[in-house]
Amino acid sequence: TKKEKLNRYSILIFLFSFSLLLSKEKSPAYIQNFSGDVFIESTDQKKKIIPAIIGRRVESGDIIKVLDNSTCDIQTEDKRTFIKMDEKSEIKFLDRMEIREVYLKNGSLYIHNINTNSKNRTYLFSNHSQIYLTNTKLWVSIKNSIIDKIYSFGDEIFISDKHKGKKLIL
């Protein structure tokens, strides 16, 4: 009957709409500000390279590249982590369940992490260091491939040498 068809149609529209809402997973971070030439490279199957714009989403696994005379500010949706990338810098950003990882591949960055929930952990990886970020403000540079330059602004930081396994609390 006509009423049954209308009910089926209504149910299908509802299910379709509901599935769209569920599939719109929130991105873990976004471009808050930038200047110059900044690009986001996806690491999914599409391998897209797109220019940065304010508000553009940064997905888990994305690589952010900042070219000469450029900077980029990245803010996480939960407001726990802020990253300011300097010129000629590159990071890979991963956000999975309760672990966030930032891999500094090139250049330098400032990172401010707020850890109000001890279940959620944030790590910064560079050429020679693995740094566990609590309530941390750091500037890290790997422009010299022999050493990592790490400057802490205030709170203690937990550093491990990636190659020798030595741990240090500053």
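R56 is in contact with A29, Y30, I31, I40, I50 and P51, leaving aside its neighbours within four places in sequence. Contact here means heavy atoms within 4.5 Å. R56 sits in the loop between β3 (49–51) and β4 (57–58). Its relative accessibility is 24%, so R56 counts as partly exposed. The classes run as follows: buried is under 20% relative accessible area, exposed is over 50%, and partly exposed is in between (1.4 Å probe, protein chains only). The C-alpha atoms of R56 and N33 are separated by 9.8 Å, and these residues are 23 apart along the chain.

This is a predicted model, in which local features need pLDDT of at least 70 and side-chain atom pairs count only at pLDDT 80 or more, while totals for chains, interfaces and linings use all residues. Residues are numbered from 1 along each chain as its sequence is written, and side-chain values use heavy atoms, with hydrogens and water left out.

Now the whole chain. The protein chain has 1 helix and 16 strands. Both are DSSP runs numbered from the N terminus: helices are H or I with at least four residues, strands are E with at least two. Of the 170 residues, 35% are buried. The chain exposes about 10800 Å², and carbon and sulfur atoms supply 56% of that area. Accessible areas come from the Shrake-Rupley method with a 1.4 Å probe; for residues, only the protein chains shown count as cover. Among contacts with a separation of 6 or more, 44% join residues 24 or more positions apart.

The largest nonpolar core has 26 residues. Such a core is a set of buried Ala, Val, Leu, Ile, Met, Phe, Trp, Tyr and Cys residues joined through side-chain atoms within 4.5 Å. I64, I74, I83, I91 and L124 touch the most other members. Take I83. Not counting residues up to four places away in sequence, I83 touches C72, D73, I74, I91, F93, V102, L109, Y110 and I111.

Y110 leads on to the aromatic rings. The structure holds 6 aromatic pairs. Rings of Phe, Tyr and Trp (its six-membered ring) pair if their centres lie within 6.5 Å; planes under 30 degrees apart count as stacked, over 60 as edge-to-face and the rest as tilted. Y110 and F153 form a tilted pair, with 6.1 Å centre to centre and 55 degrees between the planes. Y110 lies in strand β10 (residues 108–113) and F153 in the loop between β14 (149–152) and β15 (158–161), so this pair ties together parts 43 residues apart in sequence. Y110 is partly exposed, with a relative accessible area of 24%. F153 is also partly exposed, at 47%.

Another pair joins Y132 and F158. Their ring centres are 5.9 Å apart and their planes stand at 50 degrees, so the pair is tilted. Y132 is in strand β12 (residues 129–133) and F158 in strand β15; the pair links distant parts of the chain, 26 residues apart. Y132 is partly exposed at 21% relative accessibility, and F158 is partly exposed at 26%. Ring pairs link Y103, Y123, F125, Y132 and F158 into a cluster.

Charged side chains come next. Side chains of opposite charge can pair when their charged atoms come close. A search of the whole structure finds 8 salt bridges. Each is a side-chain nitrogen of Lys or Arg within 4 Å of a carboxyl oxygen of Asp or Glu. One of them joins K84 and D73, at 2.9 Å from N to O. K84 lies in strand β7 (residues 81–85) and D73 in strand β6 (residues 71–76), so the bridge ties together parts 11 residues apart in sequence. K84 is partly exposed at 32%, whereas D73 is buried at 10%. D73 is also among the residues that I83 touches.

K119 and E98 meet in a salt bridge too, at 3.9 Å from N to O. K119 lies in the loop between β10 and β11 (121–125), and E98 in the loop between β8 (89–96) and β9 (99–106), so the pair ties together parts 21 residues apart in sequence. K119 is exposed at 52% relative accessibility, while E98 is partly exposed at 37%.

Salt bridges that share partners join D78, R80, D95 and R100 into one network. Within it, the closest N and O atoms of D78 and R80 are 3.3 Å apart. D78 is partly exposed, with a relative accessible area of 38%. R80 counts as buried at 9%.
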